[in-house]
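Welcome, and thanks for opening the viewer. Take this tour one stop at a time, selecting as you go.

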Amino acid sequence: MNLEFLDKPLASIDAEITIVFLTDKLLEETTDNDLLAKAGFKAKQDQLCLLHEKGVLYCGIEKLNRDSLRCAATTAVRSLKDSNYKSAKARQYFLKNTQALVEGFLLGYYSFDAYKSKNEPSSFKELFVSVENFDASVLDAKEVKTIVDESKTVSQAVNYVRSLVNTIPNDITPPSLALIAQKLADENGLTCNILDENALEKEEMNAILAVGRASVHKPRLIHVSYKPKNPLHVISLVGKGLTYDSGGLSLKSPTSMVGMKMDKAGACAVLGIVKAISELKLPIEVHGFIGAAENMVNGNAYKPDDVLKAKNGTTIEVRNTDAEGRLVLADTLAYAQQEVNADYLFDYATLTGACMVALGPYTTGMMGHSHGLKHQLSKIAAPSGELLASLPFNAHLKKLLKSEIADISNVGSKPYGGAITAGMFLDNFINDNMKQKWMHFDIAGPAYSETPWDCHPYGATGIGVRFTVEWMRTLLNEDKK
Ligand code: BES
Ligand code: ZN
Ligand code: ZN
């Protein structure tokens with residue numbers, strides 16, 4: 001769909017349908033008040049009313065704010081996508097809501113149809129937005145254009161992530177994920193270095209090798225980097241790339257195995273962030289490190305009771321092969337720190353079901369040692385449209401990772417606080433000089449859902465991209481102060 005912001009009043013734009021967002025207060029003021037009342041339209045959030053003869057699609061919003069507008073734009077664009085209309089137009093309302101409007105339309109329009117044999121494309125292809133303010137004055141077109149272009153870039157990166165995560169495990173394996181990263185690098189002028197299983201052995205990355213050992217698709221360590229001239233910061237991003245997580249010998253139940261193609265969402269988010277930052281041309285050097293493996297079962301599978309020596313020398317007692325993500329991240333985090341001396345080190349992982357129990361399915365769990373960093377991130381979450389909450393480390397939970405025969409166990413000895421014990425496990429692979437620069441994001445909840453929410457459809461959401469890009473932008477703004 002082509003989304004264009006036009007520097008002219010709404011009335012002068014040619015389109016089949018006008019989308020009008022209404023709060024209940026504004027409802028009384030519309031000329032279609034009587035018709036809408038007959039149709040039972042009360043301007044409730046996401047309530048739609050199409051007056052075909054009038055050429056207007058009304059969509060209710062609770063408030064004229066970012067979140068309401070983004071969700072309403074998604075609802076409106078989805079209904080038009082299912083219609084036979086070809087074009088629509090809307091008004092922008094306020095400058096500060098521009099990003100929400102672009103995201104609502106572009107993220108809302110997205111659907112994943114790659115495996116449908118009868119894939120009929122929607123006739124709805126054009127959406128124009130008038131740069132007309134609420135008081136009918138026209139907003140500063142240049143300012144709007146910058147926000148629109150940037151929001152489009154970010155939204156496209158989110159949709160890119162969604163499609164990768166939605167792709168089935170037969171089509172994305174660790175080696176093919178490496179090729180996808182290579183392709184992104186070629187297209188966006190990035191460098192890409194791929195470590196195959198032999199290179200992983202040379203690097204003594206025994207944890208990721210153990211996790212991937214039972215699969216015919218061998219593990220890969222993928223390093224993509226965007227290196228602008230004179231960067232103001234250097235940031236390393238690490239992603240969990242389990243192209244499938246069957247649980248291994250600690251096999252998942254049939255119902256909890258379904259959907260585990262999403263266990264590569266952290267890795268895909270990292271690719272999406274590098275894509276967005278390189279296209280926005282931000283003066284930040286960004287390194288993406290992806291630990292890609294497939295957690296499967298065969299006669300050579302790694303086992304509960306095995307002891308693995310990770311890249312940084314730490315020995316790990318395996319007590320559950322389904323806690324594989326932290327093993328892959330252990331080596332990948334160690335490798336990232338060996339390769340790049342970064343100002344910040346963030347990791348993204350669909351790491352624990354426990355994080356969903358703790359925070360619900362929509363919120364990313366954020367863990368780390370730096371209160372300052374957590375505070376910064378909390379502040380930018382809402383404007384970015386994503387939900388973030390901090391889960392605190394503590395010394396008592398740390399003890400639950402104690403192992404009698406190795407340095408640490410890969411699972412906690414009590415069934416509670418699993419998101420935090422997983423985060424504290426990762427802490428064992430963070431060098432002392434990086435402790436305050438590291439943040440772990442458990443995206444197990446919001447990365448994938450079989451029920452649509454906010455601007456997200458069935459399946460992958462592309463979570464992680466928007467809050468990280470927003471945080472990087474504020475980092476650059478702080479520099480200017
Ligand atoms: N990939 C899963 C975590 C997950 C669960 C993501 C549900 C999304 C939805 C991870 O590898 C895993 O299996 N974790 C275990 C850890 C346990 C064995 C300590 C879990 O959460 O049950
Ligand atoms: Zn698992
Ligand atoms: Zn997993």
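A donor, for the stops that come next, is an N, O or S atom within 2.8 Å of the metal. Keep in mind as you look around that this is a predicted model.

**Stop 1: the two zinc ions**

Select ligand 2 and ligand 3 together. Which residue bridges the two zinc ions? Asp245 does, and the ions lie 3.2 Å apart. Asp245 is buried, because its relative accessible area is 3% and buried means under 20%.

**Stop 2: around ligand 2**

Now keep the zinc ion (ligand 2) and show its protein donors. Asp245 (OD), Asp322 (O), Asp322 (OD) and Glu324 (OE) coordinate this ion at 2.0 to 2.2 Å. Along the chain, these donors follow the spacing D-x76-D-x1-E. Asp245 belongs to strand E9, whereas Asp322 sits in the loop between strand E12 (315–317) and helix H11 (325–339), so the pair ties together parts that are 77 residues apart in sequence. Asp322 counts as partly exposed, at 23% relative accessibility.

The six donor atoms around the zinc ion (ligand 2) subtend 71 to 167°, which makes the arrangement irregular.

**Stop 3: around ligand 3**

Move across to the zinc ion (ligand 3). Its protein donors are Lys240 (NZ), Asp245 (OD), Asp263 (OD) and Glu324 (OE), at 1.9 to 2.4 Å from the ion. Is the arrangement of the six donor atoms here octahedral or irregular? Their angles run from 77 to 173°, which makes it octahedral. For six octahedral donors, the ideal angles are 90 or 180 degrees.

The spacing of the donor residues of the zinc ion (ligand 3) in sequence reads K-x4-D-x17-D-x60-E. Strand E9 (residues 233–245) holds Asp245, while Asp263 is in the loop between helix H9 (254–257) and helix H10 (265–280), so this pair ties together parts that are 18 residues apart in sequence. Both Asp245 and Asp263 are buried.

**Stop 4: ligand 1**

Next, select ligand 1 and the residues surrounding it. There are 17 of them, and the closest are Lys252, Asp263, Asp322, Glu324 and Gly353.

- From a polar side-chain atom of Asp322 to an oxygen atom of ligand 1: 2.8 Å.
- From a backbone N or O atom of Gly353 to an oxygen atom of ligand 1: 2.7 Å.
- From a backbone N or O atom of Thr350 to a nitrogen atom of ligand 1: 3.3 Å.

**Stop 5: aromatic rings**

Colour the aromatic side chains. How many aromatic pairs does a search of the whole structure find? It finds 14. One of the pairs to pick out is Phe41 with Tyr58: the ring centres are 6.2 Å apart and the planes meet at 50°, so the pair is tilted. Phe41 is in the loop between helix H2 (33–38) and strand E3 (48–51), and Tyr58 is in strand E4 (residues 56–60), so the two tie together parts that are 17 residues apart in sequence. Phe41 is buried, with a relative accessible area of 4%, and Tyr58 counts as buried at 4% too.

Then select Tyr344, Phe346, Tyr348, Phe441, Phe467 and Trp471, which form one aromatic cluster.

**Stop 6: charges over rings**

Turn to two lysines. The charged end of Lys81 sits over the ring of Tyr109, 4.6 Å from the ring centre. Lys275 lies over the face of Tyr160, with a distance of 5.2 Å to the ring centre.

**Stop 7**

Select Ser225 in strand E8 (residues 220–226). Ser225 counts as buried at 3% relative accessibility, and a polar contact of 2.7 Å joins its side chain to that of Thr191.

Asp46, in the loop between H2 and E3, has a positive phi of about 70° although it is not a glycine. Asp46 is partly exposed, with a relative accessible area of 31%. Lys281 also has a positive phi, near 55°. Look for Lys281 in the loop between H10 and strand E10 (284–295), where it counts as exposed at 64% relative accessibility.

Finish with Gly417, in the loop between strand E16 (408–409) and helix H15 (418–427). Draw a line from its C-alpha to that of Asp14: the two residues are 403 apart in sequence and 56 Å apart in space.

Conventions:
Residues are numbered from 1 along each chain as its sequence is written. Chains are lettered from A and ligands numbered from 1 in the order in which they are written. This is a predicted model: local features need pLDDT of at least 70, side-chain atom pairs count only at pLDDT 80 or more; totals for chains, interfaces and linings use all residues. Side-chain values use heavy atoms; hydrogens and water are left out. Four donors count as tetrahedral if all angles lie between 85 and 135 degrees; four count as square planar and six as octahedral if opposite donors are over 155 degrees apart and all others between 65 and 115; anything else is irregular. Helices (H or I, at least four residues) and strands (E, at least two) are DSSP runs, numbered from the N terminus. Buried means under 20% relative accessible area, exposed over 50%, partly exposed in between (1.4 Å probe, protein chains only). Rings of Phe, Tyr and Trp (its six-membered ring) pair if their centres lie within 6.5 Å; planes under 30 degrees apart count as stacked, over 60 as edge-to-face and the rest as tilted. A charge sits over a ring if NZ of Lys or CZ of Arg is within 6 Å of the ring centre and within 35 degrees of the ring normal. A residue is near a molecule or strand if one of its heavy atoms lies within 4 Å of it. A polar contact is a pair of N or O atoms within 3.5 Å; within protein, one must be able to donate a hydrogen and the other to accept it, and residues adjacent in sequence count only if both atoms are side-chain atoms.
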